[in-house]
Amino acid sequence: MKGQSIYLFLFSLLLPWSSVFSQFPGDNSRNNGSKPTLDGFAEVSWEASYAQVRDKFLSLAANPQSDEKIEVVHEDKEKSLLVRRNGIFYLYRFYSTPKLVLDSRPKDKNQPRPEKETSPEEDEHLEPGKLFSVGVSFRYLPGKDVQSKLENKYGKPKKETLDDKKIGGAVVWELTDERQAPPAGGFIVQWKEAYKKQPFTRRVDYFSSKVKAQIEKEYKEFFSAEEIKTLRDLIP
């Protein structure tokens, strides 16, 4: 199914370790011992639109006064944006409610959705994509060093799952405000894999908790959308 491609992570590169760590998002210490949050990634907030994020990086890339090296490597409109920033790859992922789910929902007669013609490429989604995840890819680094950098900023992880050899697996940080429903904030996943028989990391993913909850809800709607739409059409 189209759209699932946003979950594919195929990017890595060779860089000096010091360069990677100088740009790594978890490289700063926590402030005043306060509870860390994850309301976005770096300077971009969760649910920022595809157009906003794209324009931001195109502007930074064209700024002659900037000392950063920024390049928009690949674009998939309203779905993903791959940016190389100072030698590290950042995959910004966007989500929009599938058209099939929108069509299956009851229509508000007082506020009808405007009709517009769409191309085959745009037909799957009608709404603008909003940022829900960022994947960071870099050269293989010792897993313990990456985890230490993240702990320095976000505290101890909530859980860690490893394979039978205690090498591969994932480390998860949950940085949410449970007082809200769906919870605000986000979570981080550090992936560990075997390299030279040791746990190394080359990818860390950041997610919005709120949009994650929306995706899970609409995923269930998606697989019953055709039936719901048919029943509604049978009984106007």
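**A lysine and its surroundings**

Modeller: Lysine 130 belongs to strand β6, residues 130-142; helices (H or I, at least four residues) and strands (E, at least two) are DSSP runs, numbered from the N terminus. The model is predicted, so local features need pLDDT of at least 70 and side-chain atom pairs count only at pLDDT 80 or more, whereas totals for chains, interfaces and linings use all residues. Residues are numbered from 1 along each chain as its sequence is written, and side-chain values use heavy atoms, with hydrogens and water left out.

The side chain of lysine 130 forms a polar contact of 2.8 Å with that of glutamine 214. Such a contact is a pair of N or O atoms within 3.5 Å; within protein, one must be able to donate a hydrogen and the other to accept it, and residues adjacent in sequence count only if both atoms are side-chain atoms. Leaving aside residues up to four places away in sequence, lysine 130 touches Glu47, Ala48, Ser49, Arg93, Phe94, Tyr95 and Gln214, a contact being heavy atoms within 4.5 Å.

Helix α2 spans residues 50-62, and its 13 residues reach 18 Å from first C-alpha to last, close to the 18 Å expected at 1.5 Å a residue; the expected span is 1.5 Å times one less than the number of residues. Tyr50, Val53 and Phe57 are buried in α2. They lie on the same side of α2 because they cover an arc of only 80° around the axis, the arc being that of the directions from the helix axis to the C-beta atoms. Gln52 and Ala62 are exposed on the other side of α2. Buried means under 20% relative accessible area, exposed over 50%, and partly exposed in between (1.4 Å probe, protein chains only).

Glutamate 78, in the loop between β3 (70-76) and β4 (80-85), has a positive phi of about 65° although it is not a glycine; it counts as partly exposed because its relative accessibility is 23%.

Just after α4, glycine 155 has a positive phi of about 85°.

As for the whole, the protein chain holds 6 helices and 10 strands, and 40% of its 236 residues are buried. The average pLDDT, the predictor's confidence in each residue from 0 to 100, is 77, and 68% of the residues score at least 70. Among the elements, β4 has the highest mean pLDDT (96) and helix α1 (residues 17-23) the lowest (45). Over residues 1-22 the pLDDT is below 50, and this stretch has 45 contacts in the model beyond near neighbours in sequence.
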